[in-house]
Amino acid sequence: MHEKILFFDIDGTLIDYGYGIFEIPSEVTLELKRLQRMGHRLFISSGRPKAMLNDKLLSAGFDGYILTNGAYAEIDNTPVYENRMDYALSLQMVEMLDELGCHYMIETAGHIYIDRRSEALYQFFSGFGQTHLFVRDFDRNEVLKRALKIEANVTEEGRERVESCIRNHFGYVAAFDAHGTGHSFEIYSPTISKATGIKKILDRLGLSREDSYAFGDGTNDIEMIQYCGTGIAMGNAVPELKAAADIVCPPIYEHGLERILKELFP
């Protein structure tokens, strides 16, 4: 079998806090190592920024990462792509969030910025990654010039206004984080998706879509599932992703990833 390239979502695919799977299962790790010995390349493709990858994910041996829903990509620790948000629109957005008293964080290629008014947000997310890359005191306007994504917890009274503003004036994605709460927004450029990041990786490595595989569970995985040669939805995936996938494997809590890797790459 000639070289293939595989792209894995994190939350709901490699790990899932909701099901008590806090790190990549050892059986899956063995399969990933086996695939690399066969000559295949493995990438994480996640909505998370790099600062939200913990040591265990970073040491798992992936060949690279597509992060912040496709706004950033790297191969072997070398950045190959970065698509920043529009500064003026980002500034208007955070000013409105401040006015509404909503907590938010700004994600860049290297850091996460959460000011001291958003203490609950910091306490929640800092446990998911590299806390030393979470910055509390910063120049907001300077950071916004490097922003890849903004995540916000929107108050009940502010939700309608924020959602309307994003969709009607910014042209940006207003995605509800399926792994968070009903008031969690991910705001990022409509010109990006995990598929755009995958295309950058394939172009750089000289590999074809036909030789690519994508594994995911959420709505932000739809584009990559449709773009790659073979799209696999986890059994615990949202219905929209299952409908778009070529294959639906068993859910993560039934060792679905291990089982489908053995089936696809015996």
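**Notes on ring contacts and strand pairing**

1. The charged end of Lys145 sits over the ring of Tyr87, at 5.7 Å from the ring centre. A charge sits over a ring here if NZ of Lys or CZ of Arg is within 6 Å of the ring centre and within 35 degrees of the ring normal. Arg209 is placed in this way over the ring of Tyr227, with its charged end 4.0 Å from the centre.

2. On the basis of these remarks: the model is predicted, so that local features need pLDDT of at least 70 and side-chain atom pairs count only at pLDDT 80 or more, whereas totals for chains, interfaces and linings use all residues. Residues are numbered from 1 along each chain as its sequence is written, and side-chain values use heavy atoms, with hydrogens and water left out.

3. The structure holds twelve aromatic pairs. Rings of Phe, Tyr and Trp (its six-membered ring) pair if their centres lie within 6.5 Å; planes under 30 degrees apart count as stacked, over 60 as edge-to-face and the rest as tilted. Phe8 and Phe215 form a stacked pair, with 4.7 Å centre to centre and 10 degrees between the planes. Because Phe8 belongs to strand β1 (residues 5–8) and Phe215 to strand β12 (residues 212–216), this pair ties together parts 207 residues apart in sequence. Strands (E, at least two residues) and helices (H or I, at least four) are DSSP runs, numbered from the N terminus. Both Phe8 and Phe215 are buried, that is, under 20% relative accessible area, where exposed is over 50% and partly exposed lies in between (1.4 Å probe, protein chains only).

4. Tyr19 and Tyr253 form a tilted pair, 4.6 Å centre to centre with 50 degrees between the planes. Tyr19 lies in the loop between β1 and α1 (26–37) and Tyr253 in the loop between β14 (247–248) and α10 (256–264), so the contact ties together parts 234 residues apart in sequence. Tyr19 counts as partly exposed at 45% relative accessibility, and Tyr253 does so at 43%.

5. One aromatic cluster is formed by Tyr17, Phe22, Phe124, Phe125 and Phe128.

6. Strand β2 (residues 41–45) has four of its five residues buried, so it is largely enclosed by the rest of the structure. β1 and β2 run parallel, joined by four bridges; two strands pair if DSSP finds at least two bridges between them. Leu6 stands opposite Leu42 in β2. β2 also pairs with strand β3 (residues 64–67) in the parallel sense, over three bridges, and Ser45 stands opposite Ile66 in β3.
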